[in-house]
Amino acid sequence: MYTVFSTFDVNEEKAEEVIGIYQNRSHLVDSAEGFVDFFLLQNDKRPGELTVQLIFNNKKDYLQWVRGEDFKRIHELEKKYPDQELAAVIPKVSQYKVVAR
């Protein structure tokens, strides 16, 4: 398996708004080849720190998703958030191969 974490910080007052956006996400990734699961994680001690976790069967499937049209469509929508502070957030992305389970 292959997992990707995209971590970003928002003002704590906006954390619930961002969580709401993800709770109502498009689910386009769910039908991507090799997709396993999606999570939005909130740091227990720093509520403004949020992490998106995507799990794919393998790196090849993840890269196919990233290079696809649905990925581009989702990220274009992010640029159109009414709140420009949120639209400008750039996550720190970390990618991992699962080596034990």
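Buried means under 20% relative accessible area, exposed means over 50%, and partly exposed lies in between, using a 1.4 Å probe and protein chains only. Keep that in mind for what follows.

A word on the model. It is predicted, so local features need pLDDT of at least 70 and side-chain atom pairs count only at pLDDT 80 or more, while totals for chains, interfaces and linings use all residues. Residues are numbered from 1 along each chain as its sequence is written, and side-chain values use heavy atoms, with hydrogens and water left out.

Let's start with charges. Side chains of opposite charge can pair when their charged atoms come close. A salt bridge here is a side-chain nitrogen of Lys or Arg within 4 Å of a carboxyl oxygen of Asp or Glu. How many salt bridges does the structure hold? It holds 4.

One of them joins Glu 49 to Arg 46, with the closest N and O atoms 2.5 Å apart. Is Glu 49 buried or exposed? Glu 49 is buried, because its relative accessible area is 18%. Arg 46 has 46%, so it counts as partly exposed.

Now helix H3, residues 69-78. Helices are DSSP runs of H or I, at least four residues, and strands are runs of E, at least two, numbered from the N terminus. In H3, Glu 69 and Lys 72 are 3 residues apart, so about one helical turn separates them. Their side chains meet in a salt bridge, 3.6 Å from N to O. Glu 69 is exposed at 53%. Lys 72 is partly exposed at 42%.

Arg 73 and Asp 70 also lie in H3, 3 residues apart, about one turn. Their salt bridge spans 2.5 Å, N to O. Arg 73 is partly exposed at 44%, and so is Asp 70, at 25%.

Next, the rings. Rings of Phe, Tyr and Trp (its six-membered ring) pair if their centres lie within 6.5 Å; planes under 30 degrees apart are stacked, over 60 edge-to-face, the rest tilted. The whole structure has 7 aromatic pairs. Take Phe 35 and Phe 56: their centres are 5.8 Å apart and their planes at 80 degrees, so the pair is edge-to-face. This pair links distant parts of the chain, with Phe 35 in strand S2 and Phe 56 in strand S3, 21 residues apart. Phe 35 is buried at 17%. Phe 56 is buried at 0%.
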